[in-house]
Structure formats: C-alpha cells, structure tokens
Amino acid sequence: MTDTAANQPHKLFLLDAFALIYRAHFAFSKNPRVNSKGLNTGAILGFTNTLVEVLQKEKPTHIGVAFDAQKKTFRHEQFADYKAQRQAMPEDIGLAIPYIKKIIKAFNIPILVVDGFEADDVIGTLARRAEAQGFGEVFMMTPDKDYCQLVTDCVKIYRPAFMGNAAEVLDVAHVLQRFEIERPEQVIDILGLQGDASDNIPGIPGIGEKTAKTLIQKYGSVENLIANVDELKGKQQENVRNFAEQGLMSKELATIHLDVPIEFEADKLVLDKPNEDELRQLFDDLEFRQLAARVLGGGSAAGVSSTAAPTPRGARRPKVTEGQGSLFGSSSDAAVASGAEEGETGSFGAPAGPRLTLADVPHQYHLIDSPELRKSLLEFLLQQTEVSFDTETTGLDTMTARLVGLSFCWLPGEAYYVPVPHDDHAAAQALIDEFRPFFDAKGTLKIGQNIKYDLTILRHYQVEVEGPLFDTMLAHYLLEPDMRHNMDVLAETYLHYTPVSIISLIGPKGKNQKTMADLPPAEVSDYACEDADVTLQLKHVFEPLLKEVGLLDLLNEVENPLVPVLSAIEYEGVKIDSGAMGEYSAELQGYIQEIEQQIFTAAGQEFNIGSPKQLGEILFDKLGLGGGKIKKTKTGQYATGEEVLSVLAADNPVAGLILEHRQLTKLRSTYVEALPQLVCELDGRVHTSFNQAVTATGRLSSTNPNLQNIPIRTEKGREIRKAFVPRDENHVLLAADYSQVELRIMADFSGDKTMIEAFRQGLDIHTSTASKVFHVPLAEVDGEMRRKAKTVNFGIIYGISAFGLAQRIGISRKEATEIIDTYFQEFSSVKQFMDDSINKARELEYATTLLGRRRYLRDINSRNATLRGYTERNAINAPIQGTAADIIKKAMINIHDWLLQEKLGTKMILQVHDELVFDAVREEIEYITPKIKELMATALLLPHGVPLEVEVGTGRNWLQAH
DNA sequence: TGGCTCACG
DNA sequence: ACGTACGTGAGCCAG
C-alpha cells in the first residue's frame, strides 16, 4: 500500500524511455558503436549508462520507465498531422528497443505503458498522483522541455548528464526564468503560440520564441490573447485572428494530460535488486564489458565466456563484418574492460576496471636486441611486399622527439620491436642505417597509422622513406571524413580489440609523465608491436571497404602520396624574422595603448576591453548605445561582434575604437607575439603541422601554428607577412596562386556557357558577372557593382540566400532577391547545377568531388528545415571546395616529385588552400616558374575543359611575393 | 571547457 | 514559416 510514502524521504524517478533513447542514439552518431554481430549498440549503451548513473548517484527509492503506447494516441485523433513530419524511427533504434526493455526488466524496474497515451502523459499523471499522496520528491527524467509545464515544488525535471554537461535538476525557478513566465502551466501557452517543429505542432504563424514570451507576459494565456486580439497590430492581429483555432489546438497538443487511467501504487515502483544473471547474460551478448564490471562487480564479466578457444594461428583475418571477432581471439574473451569502451564523449565516467594484458591473447611479439637478430629481421623485411611499421619516440613534437624504437609487422599477430639507443645519437644513427635498405626499398608497401609522423622522425635521421605508403588514418578519413581517426577507436570499432593504452605505460598527462625512453625496452616492446600489428590488420579491413565504395584510387593516388610531401614541407619550415616581429610588436603596443586611453576616456572608466561581458555592460548599460534593439548571444550576453559594433560605430566613435583595438590586439597576441615563440631554436624556422584528416571537404588544415590564416586583408595585418622570409640571401620566396579556382570549378561543373566563355576570354570574372547582373556594358561596371558581383559570386559557391547576400552587401532583402533572380536568369545552368547537386545528394545522401571524395550529408532529407537547408548548402559547396582540394593536392605531389627528380634546391614550404609557397633558389626561379605554373594548371583537367590559371610572384618576403 | 571573436581561403 | 553563405584554428574570458 501507499501509506508509507507520507513521512519518509522517498525519491521517485520516472524515465521517459524514448526521449532518452533518441538522445543516446544521437550521442553516438559520430562514432557509432557496433558489436561483433553488427548490432549498433549506441542507444542501448547510452540509455543503460544513464539508468545506471542515476541508480548509483541518485539512489532512488522508487523508479519506473515509461514508454509511448505503440498505437495511435488521442493526439493523433485530435489532429491528423500530429507528428506526421517526424521521420520514421531509425532502424537502429527499432532494433535497440527490445534489448532496452530486457535490460529494464533485468533490473526489475517496472515498464509503464498505457494504451492511447504517450509517456509524458503517463509520467505527468503519476507525478501528480504521487504528489497528492504526499510523496517526497519526484524526478521526471527526460531531456524534453515540454515537461516544464509540470514542475512543482515537489516534482522536478532531472536532465541526465550529456555530452560533457553535468546532470541538471530543473525546478520551478528555472522554468519560470527560462520561459519568462509566472506559472509553470504557461509553458503550454508559449508552446501553443510558437509551436514545435519536431512534433509538428503548428502554433500561430509569425510567432516565434520571442514574440510568444512577450505576448504571454502581457496576456497570460492563449485564450486571453485571442479575446484581446483587437489590441494587436497589423499582420500580427491578422494572424492571431485567422489562426486562433490553430493556436488553441496547438495548446491542446502541447498539454500533457494528467488524467491517464493509471493508479499510482508506490509499492509497485519500489526499487528492487537487479537480476544479476540476466544482466550478465545481456551485457555479455551486447559486449558491454566495462558496464558489466561496473554494475556486476569487477572481473566477473571477463570470466563468463573464457571457455572460448583462441583463434588458431592459421585462421587469419576473419571478416569483422561477418561478426567473427578479431584475430586476437573471440571478441568476448579478448577485449577486456578498458577505459575506452564507453566511447569518448566523456559523459560516462569510466572507473578503472580490471585490465588483461596482451599476454591473454594469442600473439608472438619479439624483442630484437642484438646485431644478429637485427640482421635476420632485416632479411625477412626485405622479402616482404607489405610491412606495417611504427616508431616509438620521446614525444609528439617531431622537431625535438628522439627515436626510441621501431616496430614491424607483416603477419597479423606477429611483430618485432627494435630498441634504438636514444641517449647516443651516433649509435642511434648507426642502428637506423642498418634498416636503411628496408626504408629505401621501392617495392615494399609501408603501412602506418598517421605515417607522416614516422616519416618526419626518420627524416631527422636522414632517412627518406620510399613509397608506396598506406596510411590507415587516411584510409578511414576517406571512409568517414567527419569522424575521428584515433587508432585505439579504430581498433575497437573495426577489430573489436582494445589496444594497450599508452597511459598505462607512461602515466597520465602531467609533469611526472614518463617517456618511452624511461622504460626498459622489454616493457615498450609489446606496446610497440601491438601498434604495428593493429595497423596491419586495419589496413586489411579498410582496403576492401575502400574498394567497394570506389575510394581506393583517391587514397593511393592522392592522399598516400601526399604524405611524404607534407612531411618534407613540415620538416623544412618557414623562416621568421623575429627581430622584425619584435619591432612590430612594440609599434602595435603603442597604437593599442593610445586607443585604450581613448576608450577609457569615452567610457568614463577603465575596464577590460577584451572581456565581451564587461564591454557589453559598458556599451549598452552605461553608455546606452544601440537604441532599443540590442542583440544578445544565445547565452544571454550582449553580442559585441564585428557586425554589431560596426553598426554602432555610426552613433558613437567608441565602437569604432573598440573594433580597432580588437584588430590590433588580435594581431599582436595571435601572430606577432606567438609566432617568434614557435621558432625552432635549431634552425630559426617555424614548423607547422598540416593535418590531412580533419576537414569535411578534403582540404588540409594547419596547426601549431596555423600558417593558413596569416593576415593579408588589412594594412596593419599585412605587415606581418614581411616577417616571413627566405632562408638566406641566395633564396627568395615564390608564391603561386590559383586564380578563382572554385568559381572555375563551378563554371565547369555547371557547364554554364556564359561563365565558361568569360573564363576562356580571360575576363575579370567579377566585372563580367556585374555586367550581366546589372545589365551594363563591361566598360561601365564601376567599383561598387564589381564589389557586389564579387559577393554574389562567392555566395553562389556557398549556396546563396537572399538574407545572407543582403547582410553582406548592406542592401534590402528585396534587392538581394532581385539580384539573385537576375543572376540565375543570366547564368541559368548555374541554377540548374545547384538544383541537381541537391537532388543528387538527396538520393545518395552524400556529395562527391571530381576524384570521388565523399562528404556524407545524412541530414539532407531531414524534416528540420534549418538543418536541411544547411545540408543543402553543403551539397553545393562540398564538391566545389573538395575538388579544389583534390586539384592542389595533385599539384603538390607532382611538383614535389619534379623538384626531387630534377635535383633542384627549391623547397615547397606552405600550402594555403589555393596557394603554394616555395623557398626558391635564386638561380632556379626562371626555370621553375613556368613549370610550377604548368604543373598546377594541369594537375587535374576539368570535365568541360575550363582552364585553370596560376599567378606567380617572388620577393624578399611573403608580402612581396604576391 | 565552451563561448565568443576574428584571422585566413 | 523557419533561419539564413562554405571551410578552418587560436587566443581570450568566465565559470
């Protein structure tokens, strides 16, 4: 009976199953978890983790999990379109549900379903009835904001931890603040007015979040608003009048019903002990080892299925997709609990579990530590057609790291580790030289994970590794461009194997962290061998997958051959004139202080100009700028971005001063101060890292420092380029730029006669566009028209919108629409191309470049208009931006090969998306200039034959070279 | 750590 | 009606 509820600190948790499941599924969508049977377990793991977390942390006394009824609910009958827009449940979720129900049952937690009602009605009703019975605390566990209408002093929302956010309890105060209302029930009125796109609740046209809040603050409810519709003005009045019925219906739909025919019987919801055997079986089937250890106690999970026989040595490479598990034994006894299992969102704390070592799986890893053994290893290496190798070093910075060891593997499960005497450079060099024949061997495929790192390390020992190469990181990048390509995760996902973590060897990050050099070779050996082994096995998984989707050529002809090119570029580095930087820093400092004083005087006080928060308060609260309409950021702060301040600058000079201050401090801290600090002491140059596996489109990115965003657009910024100089008097910088590559690609892909003709004639493309769009002869295009046309041209590549164009050139949306319409009349094939790109992407759910590189566009058919729009613009832009990336990558490979082949001293030192920079030997300039132009222009031929043009310049610094 | 702002193509 | 141009990386502030 329920009489015990009244006076004890009872704590009831009611979970909204579907809401939590959808969210969990989404959380794993970036790196899906698939077990060896091919089941996507993300939703199951996420949901179960949330459940376990709440059980362990919150210790509820009572609990229940509510599911939506399978049949139609009363809402469908009331309103035919209800949830009609919602996509069908993803297949993975449908498959996950039975498992989740089984898990809930194994926990002995009741499942609550009432025919004709949704989970929120069930939960709402139970919460109300629990409160009426004097129950202590009720938590509705859900990420769904509709529940805000139900919150009382006793009933709260519990939003579980998610994507790094801590769990959060929402009480009455939170709700009132968030919706700016007086009573929680008014949440329904807000939702009734503004609607809810995901549930297809229409609301009233023209009313969004802000208007809804304002109107409810004034009128209190939808009904009262309608009653006083006469007070409203213009279009708004019309809308409220015409859609009054729809508003009331929307309110009704948003209302959670509290009269579901279900009793609240506290004793049926008392938290019971789980059925451990059932849970163990389920976790075992699902391969949730970490979770099993956490819920059922350490070690127990690993012991369950240890009877599985190790895979015999002869049985190589069972296919993962067939659910066989990996070479390292059946997946259930090989992969033991490890910190990595729970994914990398960080939201699921992973306490240290029992960890088996490699000793528990079949492998033969050998330490090769004598001249005789090395000789013998080399002989074997030279007989192989493909070998994976890995370097162990003292750190991640290629400039300072020393080699500690080399590992090699050519048969799965069998690897060799060669320690390198890292404290004696001559001895290390001698040992590496022993293996030179292998690195020089042109017939041997060298396989590595992020092999650029290994190449650069070896380059410091004068070893230039000969291709062909195969990088598993890049292989995965082509397969799944928007995921991470960390080897441990790849091993988990594709081999169902958990590699030894590096932390277990060198300790956690901190000042006591060891390096590989601090450990005896015997301890490093297994780790190093395992890396080479896993890499080899990943290659064998990825290669057929790539072949299947037609990406193997792109990998073998572009990405892999680019690796040594980038390694060489990074190794060379760029010389920085630190003295010039120092002088410029002082000069900037002078300007900054001057402006600072002016700002303080204008503000009447000193404050931190760099703090958007303080700045906003000064500008808007103290000085009262902005005249009424003040933009805020989504976190509720005043927006103080460039856009806002440049508008304000018309009213008050302070805004302009702040913009100038921003610009100067940015230049100082990001470039002038930071760059000299990154100059390598050994050679006086900065060595950036080019990341080949981060962008969604196929471009490179540059970090540490980022040399792809060195200022050029403003005069004071441009100065910085003067400090990028050639290595010595005998060199100059040579910069080669593609002119308008992306527009040329679009002209070619669309086959637009007008635009192609303009490029063929060598016209200035923006002037030519202006002439067409504004209907004036070429000669009469003025600067303003050209500027606008240029913005339009860029806009086209990005998937133009009238709003965006209007914003950027400061015209009305109507004018922007007219310009775009005219543009599409004049360049009708371009319009056709954009439509085709979207339609093709709708069908395939990805877009491709000229070389077949893919960008997945899984939201292209989303019902969410904003998301869909964003994805549609990607469908237009990705092939263009990505093809430009394909082209310059090809050019880099060809130029690098040519420079080597001709034994020239000129070095490629930078790539900036459409530009290559060289440290050029003076005497070579005449010879190389036309060749570089030619190699860039012909790296790839566009299908319709639109020519690519390249501009080359030279100078004593990067600025002059342009 | 995430949000904001701003540097580049 | 909705919200609004594509792709990056870094420094600073605030919690």
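User: Which part of DNA strand B does a backbone N or O atom of glycine 641 approach?

Analyst: This is a predicted model. In it, a phosphate oxygen of DNA strand B lies 3.2 Å from a backbone N or O atom of glycine 641. Arginine 713 also uses its backbone: a polar atom there is 2.7 Å from a phosphate oxygen of DNA strand B.

User: How many residues surround DNA strand B, and which are the closest?

Analyst: Count 23 residues around DNA strand B. The closest are Arg662, Lys666, Ile712, Arg713 and Asp914. Of the atoms of DNA strand B that come within 4 Å of the protein, 76% belong to sugar and phosphate.

User: Which helix gives the largest share of the surface near DNA strand B? And what is the make-up of that surface by class?

Analyst: Helix 28, residues 653-672, gives the largest share, with 4 residues. By class, the surface near DNA strand B holds 7 nonpolar, 9 polar and 7 charged residues.

User: Next, helix packing. At what angle do helix 12 and helix 13 pack?

Analyst: Start with the angle, then the axis distance, then the hand. Helix 12 (residues 276-286) and helix 13 (residues 289-296) pack at about 165 degrees, and their axes are 9 Å apart. An angle over 145 degrees counts as roughly antiparallel. Helix 12 and helix 13 are therefore roughly antiparallel to each other. Their crossing is left-handed. Helix 12 makes the contact through Glu276, Leu279, Arg280 and Phe283, and helix 13 through Leu291, Ala292, Val295 and Leu296. By class, the residues of this contact are 6 nonpolar, no polar and 2 charged.

User: Is the crossing of helix 38 and helix 39 left-handed or right-handed?

Analyst: The crossing of helix 38 and helix 39 is right-handed.

User: Which residues of helix 38 and helix 39 make the contact?

Analyst: From helix 38, take Ile887, Ala891, Asn894, Ile895, Trp898 and Leu899. From helix 39, take Tyr927, Ile928, Lys931, Ile932, Leu935 and Met936. Sorted by class, the contact of helix 38 with helix 39 has 10 nonpolar, 1 polar and 1 charged residues.

Key
Residues are numbered from 1 along each chain as its sequence is written. Chains are lettered from A and ligands numbered from 1 in the order in which they are written. This is a predicted model: local features need pLDDT of at least 70, side-chain atom pairs count only at pLDDT 80 or more; totals for chains, interfaces and linings use all residues. Side-chain values use heavy atoms; hydrogens and water are left out. A residue is near a molecule or strand if one of its heavy atoms lies within 4 Å of it. A polar contact is a pair of N or O atoms within 3.5 Å; within protein, one must be able to donate a hydrogen and the other to accept it, and residues adjacent in sequence count only if both atoms are side-chain atoms. Helices (H or I, at least four residues) and strands (E, at least two) are DSSP runs, numbered from the N terminus. Ala, Val, Leu, Ile, Met, Phe, Trp, Tyr, Cys and Pro count as nonpolar, Asp, Glu, Lys and Arg as charged, and the others, Gly among them, as polar. Axes are lines fitted to C-alpha atoms, for helices over the stretch in contact, and angles run from 0 to 180 degrees between N-to-C directions. Angles under 35 degrees count as roughly parallel, over 145 as roughly antiparallel, 65 to 115 as roughly perpendicular and the rest as oblique. A crossing is left-handed if the near helix is turned anticlockwise from the far one by less than a right angle, and right-handed if clockwise. Contact means heavy atoms within 4.5 Å.
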